[in-house]
Amino acid sequence: MSVLHWRGKDLIGTSSFEPTESGLDKFRSYLLQAENIPGKFLVDVIEEDFRNEIIPHVGSRDRKSVINRLIDRFYRSSHEYCYSEIIGREKSGRKDDIVLLGAMTNPPLIKLWITILDECEVPLSGIWTLPLISKKLLKTIKASTGVVLLVSQQVNSNVRQTLFRDGKLVSSRQSIINQDMKDTSGIGALAAPEVTRTIDFFRAQNLFDANDVISIHVLGSKEQIASLHESFKTNERQKITIHKISDIQNKLGLSGVEEKFSDNLFAWLCLSQGFCASHYGSRQLFNRYYNKLAATTLYVASIVVVIAGALLTQSNITDSIEYEKSTLLLNKEEELYKELYSKKFKDFEEVFQNAGLMNSAVELADRIKLNSKTSPLDFLISLSEILSQDKSDELYIDRIEWQAVNINEKNNKIQKANFTGQLPVQHNAIVIGRIDESVNNYRASIDHIQRIIDYLKASPRIESVETLIMPVDLRPDSKFSTESGVEIKQSFNRETSGVFSLKITMKAPDHV
């Protein structure tokens, strides 16, 4: 396990740990002492398998189901460490899809390290595999088209060979070589036979056509270049291009990076890919990273809010300064008007001071004059006009009890009139009279008084009519109901026969 600490394109520190008890403890101690920042996990192991499968060209949902069945068939024990990608379609027949399946066949190999990362609460953003990351180098070395075999060395004992077709990964395998730990200059003689065997293996799997010319791009350090040129030769079936690792690093602008192997180069390519989806691992494994990302987003948003608030405050301060200037200008104008007033209108101050009192007196007089129209004379004239509609000679008015009142609109409470108040003054009177009908003709008397009540209710001046006494003389303990809804129960008394009493509420003449 190698830990590389980057700042931009500058590699500022590296540490290595062996997969032993001692190495794992040192790795744990390192993480606990180091700054807790997000990390990316790049995998380059022998126990990794890539294969091409043909599946029907179907919709995305059905395609996902087919791929999941393939993963269950080939990589049941590595389900969380699998990768799939559609890399093309067959040129003939049904033109089915070609899917690339990749998987770590021995997940416990890295789970030891993942467990320690989780214990130390390192926000891991993803797990990527080096063969898939290496395709990001193709554009830099001008190998984005055709059949390309990229040969690189990340550790002393292995050589990685990755096959691409038009920039898409087809397959990859790692070969073990017996290289001297201290001397890597003889890599050509060790790597060339492994590359030949790998090409034969890929050709046997029909991963490229027999007539295809393979472009082999080999990465090597300065001390390896001579050996690589000596061992790798161009012929009619293959084209050899050898790249110095330091030249690629300089082209990418990297600094502080050793050129002995390509591991640092691929580590930076993994680091620089931004928010690309992880190749391996479940999303739950990276929850700590997503939570940290959300927290950072909220922090940035809060800073933006603070800056916006500061700008708004500055704007308000500027506005307040302008308002203060306007206030000073208005105060000067006020002083000028006061000076002008004192010169021309000071002698009229007493008149102006009494103006309000005079106005109130005029309003009070107008109100008294208006309310005084509500008089007994007004009531008698209006009542006469209404009763004149009755053409019979049997109706007599004996007595009228009149009173001027105010009616509270909220609770309909009647109170003695206040001629200076705001409430309108109304008539409230009890009218007592007689109807000279035959003593035996009760219905005629009831119909007669009902007509009088109808005349009254039809007038716009009348607000309400209440019947107090009806002009009937019924037999003892009898009951009689009129058309107006008045139910009468009274004893026989000849002296009260034909007498009626009505309570009338009439509007003021100016409120009709």
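The legends below describe close-up views of a predicted model.

Residues are numbered from 1 along each chain as its sequence is written, and side-chain values use heavy atoms, with hydrogens and water left out. In this predicted model, local features need pLDDT of at least 70 and side-chain atom pairs count only at pLDDT 80 or more, while totals for chains, interfaces and linings use all residues.

**View 1**
Ser171 lies in strand β10, residues 168–176. Helices (H or I, at least four residues) and strands (E, at least two) are DSSP runs, numbered from the N terminus. With a relative accessibility of 3%, Ser171 is buried. Buried means under 20% relative accessible area, exposed means over 50%, and partly exposed is in between, using a 1.4 Å probe and protein chains only. Leaving out residues up to four places away in sequence, Ser171 touches Phe50, Gln161, Thr162, Leu163, Phe202 and Leu207. Such a contact means heavy atoms within 4.5 Å.

**View 2. The second largest pocket.**
The volume of the second largest pocket is about 550 Å³. Its lining has 20 residues, and Arg89, Lys91, Ile98, Arg165 and Leu207 are the closest to the pocket centre. Two or more lining residues come from each of β4 (48–55), β5 (82–89) and β10. Strand β5 gives the largest share, three residues. By type, the lining of this pocket has seven nonpolar, five polar and eight charged residues. Here Ala, Val, Leu, Ile, Met, Phe, Trp, Tyr, Cys and Pro count as nonpolar, Asp, Glu, Lys and Arg as charged, and the others, Gly among them, as polar. On a 1 Å grid over the protein atoms alone, a pocket is an open set of points with protein on both sides within 12 Å along at least five of seven lines, and lining residues have an atom within 4 Å of a point. Grid points are joined across faces, edges and corners, and the volume is the space filled by probe spheres set on the points.

**View 3. Strand β19 and its partners.**
Strand β19 (residues 499–506) is largely enclosed by the rest of the structure, because six of its eight residues are buried. Strand β15 (residues 426–435) runs antiparallel to β19 and is joined to it by eight bridges. In this pairing, His427 has Met506 of β19 as its bridge partner. Strand β16 (residues 462–469) is also antiparallel to β19, with six bridges between them. Val465 stands opposite Ile504 in β19. Two strands pair if DSSP finds at least two bridges between them.

**View 4. Ser65 in helix α2.**
Helix α2 (residues 60–74) contains Ser65. Ser65 is partly exposed, at 33% relative accessible area. Arg51 is 14 residues from Ser65 along the chain, and the C-alpha atoms of the two are separated by 18 Å.

**View 5. Aromatic rings.**
The whole structure has seven aromatic pairs. One of them joins Phe74 and Tyr75, a tilted pair with 6.3 Å centre to centre and 55° between the planes. Phe74 is partly exposed at 27% relative accessible area, whereas Tyr75 is buried at 5%. Phe201 and Phe202 are also tilted, because their ring centres are 5.9 Å apart and their planes are at 50°. Phe201 is partly exposed at 38%, and Phe202 is buried at 1%. Phe17, Phe27, Tyr30 and Trp113 form one aromatic cluster. Rings of Phe, Tyr and Trp (its six-membered ring) pair if their centres lie within 6.5 Å; planes under 30 degrees apart count as stacked, over 60 as edge-to-face and the rest as tilted.

How values were computed. 1 Å grid on protein atoms, 1.4 Å probe; cavity = no way out; pocket = protein on both sides within 12 Å on 5 of 7 lines; lining within 4 Å.
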